[in-house]
Amino acid sequence: MKKALLVIDMQNVCVGRNHAELFQYDHDELLKAVNQVIEDNSGNTVIYIKNIMKRNLINKLAPFQAYEGTQEVELVSGLKLVSEFVFEKYKGDAFSNPRLNEFLANRQIDTVEVIGVDGGGCVSLTALGAIKKGYKVLVNENAIGTVFEKNRDKYYQKLRRLGADFI
């Protein structure tokens with residue numbers, strides 16, 4: 001088994017000091033948990049995923065903005081950075097960026113562990129995307145922040161049915 005850790009959307013807009021109001025996580029506890037999982041994966045490839053919004057009318061009406069080149073999209077201060085592997089996405093599923101799958105395939109990675117935000121959105125959507133691409137998926141609930149709990153419960157049921165392991 002060759003594993004990669006995907007650290008999803010640990011950005012200022014979601015978990016930073018001036019995060020968007022929508023994201024009501026226990027930021028300090030989440031950052032501590034995420035950093036611990038990163039530390040625990042010292043022998044594996046660690047990849048940071050950043051969510052970027054396109055500048056369009058629909059996104060201007062969203063409850064938060066995270067446009068390319070702004071402070072909101074930067075990885076949150078205090079996040080343990082152990083690699084320079086950063087991939088951007090414009091949709092919830094990080095595998096919507098084909099470069100991520102190419103990168104993992106080139107490294108012969110067959111298993112991905114997902115952590116970050118949000119369990120009811122991007123984390124679960126990325127886990128589903130990984131399963132569709134043929135990866136074994138580990139969902140580490142200890143280091144996932146969730147605001148959208150109804151969505152999380154629905155996605156987690158689906159992930160379990162599709163064979164994801166929860167740790």
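Predicted model: local features only at pLDDT ≥ 70, side-chain atom pairs only at ≥ 80, totals over all residues.
## Order of helices and strands

## The chain as a whole

The chain has 167 residues, and 52% of them are buried. Its accessible surface comes to about 8,900 Å², and carbon and sulfur atoms account for 46% of that area.

Contacts also reach across the sequence. Take those between residues at least 6 apart in sequence: 76% of them join residues at least 24 apart.

## Two helices side by side

Two packed helices are described by the angle between their axes and the distance between the axes. Here, helix H5 (residues 122-132) packs with helix H6 (residues 149-161) at an angle of about 20°, and their axes are 10 Å apart. Angles under 35 degrees count as roughly parallel, so H5 and H6 are roughly parallel to each other. Their crossing is left-handed.

Which residues meet in this pairing? From H5 come Ser124, Leu125, Ala127, Leu128 and Ile131, and from H6 come Tyr155, Tyr156, Lys158 and Leu159. Sorted by class, the contact of H5 with H6 has seven nonpolar residues, one polar and one charged.

## A look at Thr70

Where is Thr70 found? This residue lies in the loop between helix H3 (57-60) and strand E3 (86-89). Is Thr70 buried or exposed? Its relative accessibility is 19%, and buried means under 20%, so Thr70 counts as buried.

Thr70 can also be placed relative to Val13: the two are 57 residues apart in sequence, and their C-alpha atoms are 9.9 Å apart in space.

Definitions and conventions
Residues numbered from 1 in each chain as written. Heavy atoms only, no water. Helix = DSSP H or I, 4+ residues; strand = E, 2+ residues; numbered from the N terminus. Buried < 20%, exposed > 50% of the residue type's maximum accessible area, 1.4 Å probe, protein only. Axes fitted to C-alpha atoms, helices over the stretch in contact; angles between N-to-C directions. Parallel < 35°, antiparallel > 145°, perpendicular 65-115°, else oblique. Left-handed = near helix turned anticlockwise from the far one by under 90°. Contact = heavy atoms within 4.5 Å. Nonpolar A, V, L, I, M, F, W, Y, C, P; charged D, E, K, R; others polar. Areas by Shrake-Rupley, 256 points an atom, 1.4 Å probe, with all protein chains shown as cover.
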